[in-house]
Amino acid sequence: MESAAEYVSIDRLKPAPDNPRINDHVVDRVVKSIESYGFGAPIVAQMDGTILAGHTRWKAGKKMKLEKVPCRFMDIEGDKARLYRIADNKLSEL
């Protein structure tokens, strides 16, 4: 059975240049949540490390100086990756 996530170096991941939502104002809240409960969901990234979902969790991990974070890699690129980022952000607004 395939693992849902693996712990990887936080430096292996990078933000997507077309991330549709900037949530810098909630990073401190996410830090507190991770400190209290851990990661409820992994960061989702393309095979090259570009983040698909979890930019704010990644920023919180950076702020916490974490060396490793949970990540699930997906083999998608181009328009499919861009549409995944949009869908993930819009669904969380509902």
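I began with the charged side chains: the protein chain carries 16 positive and 14 negative ones, and the centres of the two sets lie 4 Å apart. For this, Lys and Arg count as positive and Asp and Glu as negative, with His and the chain ends not counted; each charge is placed at NZ of Lys, CZ of Arg, CG of Asp or CD of Glu.

**Ground rules**

I am working with a predicted model, where local features need pLDDT of at least 70 and side-chain atom pairs pLDDT 80 or more, while totals for chains, interfaces and linings use all residues. Residues are numbered from 1 along each chain as its sequence is written, and side-chain values use heavy atoms, leaving out hydrogens and water.

**Layout**

I found 3 helices and 4 strands, in the order β-α-β-β-α-β-α from the N terminus (DSSP runs: helices H or I, at least four residues; strands E, at least two; numbered from the N terminus). Of the 94 residues in the protein chain, 37% are buried (under 20% relative accessible area; exposed is over 50%, partly exposed in between; 1.4 Å probe, protein chains only).

**Helix α1**

Next I went to α1, residues 27–37, where V27, V30, V31 and I34 are buried. Seen down the axis, these buried residues fall within an arc of 105 degrees, so they line one face of the helix (the arc is that of the directions from the helix axis to the C-beta atoms). They pack against α2 (55–63), with contact meaning heavy atoms within 4.5 Å. On the other side of α1, I noted R29, K32, S36 and Y37 as exposed. Just after α1, G38 has a positive phi of about 80 degrees.
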